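Subject: Structure for your files

Hello,

Here is the structure you were to receive, with notes on what was found in it. Please read the notes with the model open beside them.

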Amino acid sequence: MTGGRIFLRSALRQQDISGSPDVLSRSVMIRAAFAILALSLTFLVLAPVHLLGLALQNDLQRKVPVLFHRIVCRILGVRIHEVGQRAAAEQVLFLSNHASWLDISVLSAVAPVVFVAKSEVAGWPVFGMLAKLQRTVFIERERRHKTGEAAAEMASRLHNGDSVVLFPEGTSSDGIRILPFRSALVGAVHHTMGNFSGRKNVVVQPVSLAYVKFGGVPVGRALRDKVAWYGETDLVPHLLGVLAAGAVDVTVTWGEAIACDLDASRKQITRDAETAVRTMTAAALRGAPQGV
């Protein structure tokens, strides 16, 4: 326990949380213990149901992750406010900005989706297992010849009734800036979808994630590191900081869904989505979110 307290104090100092270290350490340890226990019990209850859905290939494989991540958000104190309307189509390619590990739970809590992630995630403790259970498409970004395989797998998910979330930035940002969207995978899955199923179009919808409050305080540049997980930030101290805050408010803004035919320019699709996400994120951070 002494070693744990020393570790937690160190983590809290990295998070720059004000207050007595001893009191905060006890508080965070209690909150962390409760969170781990609650999440473990939730997983133990829902995992068999999810595995059954995977085995039977029925709707449970989509519904169970939504329930699980809603519980995760409740336990972590993540409050989600939606603006705009998610596309009514069952098979949508969502193009989203990426700011934090919280993005996965936030998007999964509001829609039945599968994700595209870098291959390293598959080997991460806990997170890798959860990603595999949610049928994440893993891509080896350093091997460009593997893009076709990832696109084919994404097209397969779409063809079988899933919606897919792609983070075109290629990495997470600081939650304030939007990094340039990459068009390679967008174009690959677009055309692969046509070859795979004979469909003439793919529904693409931009979506913005904006973390607007942390512990009840508006997130500006001073607090962006408390929510955004990027660069060389360590996961455990960051997680403890979120637990210590007890409340994170995020605005999810749905942009205009567009059915793109196979002749559409992948670069134009990506550019339009990037522009929409920039506009929606800036509006949400200003406190006046607008659908695009």
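Gln57 is exposed because its relative accessible area is 56%; exposed means over 50%, buried under 20%, and partly exposed in between, with a 1.4 Å probe and protein chains only. Gln57 sits in the loop between α2 (21–56) and α3 (60–76). Helices here are DSSP runs of H or I with at least four residues, strands are runs of E with at least two, and both are numbered from the N terminus. Although Gln57 is not a glycine, its phi is positive, at about 55°. Most residues other than glycine have a negative phi.

This is a predicted model, in which local features need pLDDT of at least 70 and side-chain atom pairs count only at pLDDT 80 or more, while totals for chains, interfaces and linings use all residues. Residues are numbered from 1 along each chain as its sequence is written, and side-chain values use heavy atoms, with hydrogens and water left out.

Arg135 also has a positive phi without being a glycine, in this case near 60°. Its loop lies between α5 (127–133) and β4 (137–139). Arg135 counts as buried because its relative accessibility is 15%.

The UniProt entry, which is unreviewed, annotates residues 34–56 as "transmembrane region". UniProt positions are given in the numbering used here, feature names are shortened, and such annotations may be inferred rather than shown by experiment. In the model, residues 34–56 are 100% helix and 0% strand, and the C-alpha atoms at the ends of the span are 33 Å apart.

For the chain as a whole, there are 10 helices and nine strands. Buried residues make up 48% of the 292 in the chain. Taking contacts (heavy atoms within 4.5 Å) between residues at least 6 apart in sequence, 76% join residues at least 24 apart. The chain exposes about 14,100 Å², of which carbon and sulfur atoms supply 57%; the area comes from the Shrake-Rupley method with a 1.4 Å probe.

Strand β2 (residues 92–96) is mostly covered, with five of its five residues buried. Val92, Phe94 and Ser96 point one way from β2, Leu93 and Leu95 point the other way, and all are buried. In a regular strand the side chains alternate between the two faces of the sheet.

Which strands pair with β2? One is β6 (residues 201–214), parallel to β2 over five bridges; strands pair if DSSP finds at least two bridges between them. Leu93 has Val204 of β6 as its bridge partner. Another is β5 (residues 163–166), also parallel, joined to β2 by three bridges. There, Phe94 stands opposite Val165.

Helix α10 (residues 266–286) has 21 residues and should span 30 Å at 1.5 Å a residue; the end C-alpha atoms are 30 Å apart, which agrees. The expected span is 1.5 Å times one less than the number of residues. Among the buried residues of α10 are Ile269, Ala273, Glu274, Val277 and Met280. Gly287 follows α10 and has a positive phi, near 90°.

As for cysteines, a search of the whole structure finds zero disulfides, the criterion being a pair of cysteine sulfur atoms within 2.5 Å. Cys73 is buried, as its relative accessible area is 4%. Cys260 is buried too, at 8% relative accessibility.

Regards
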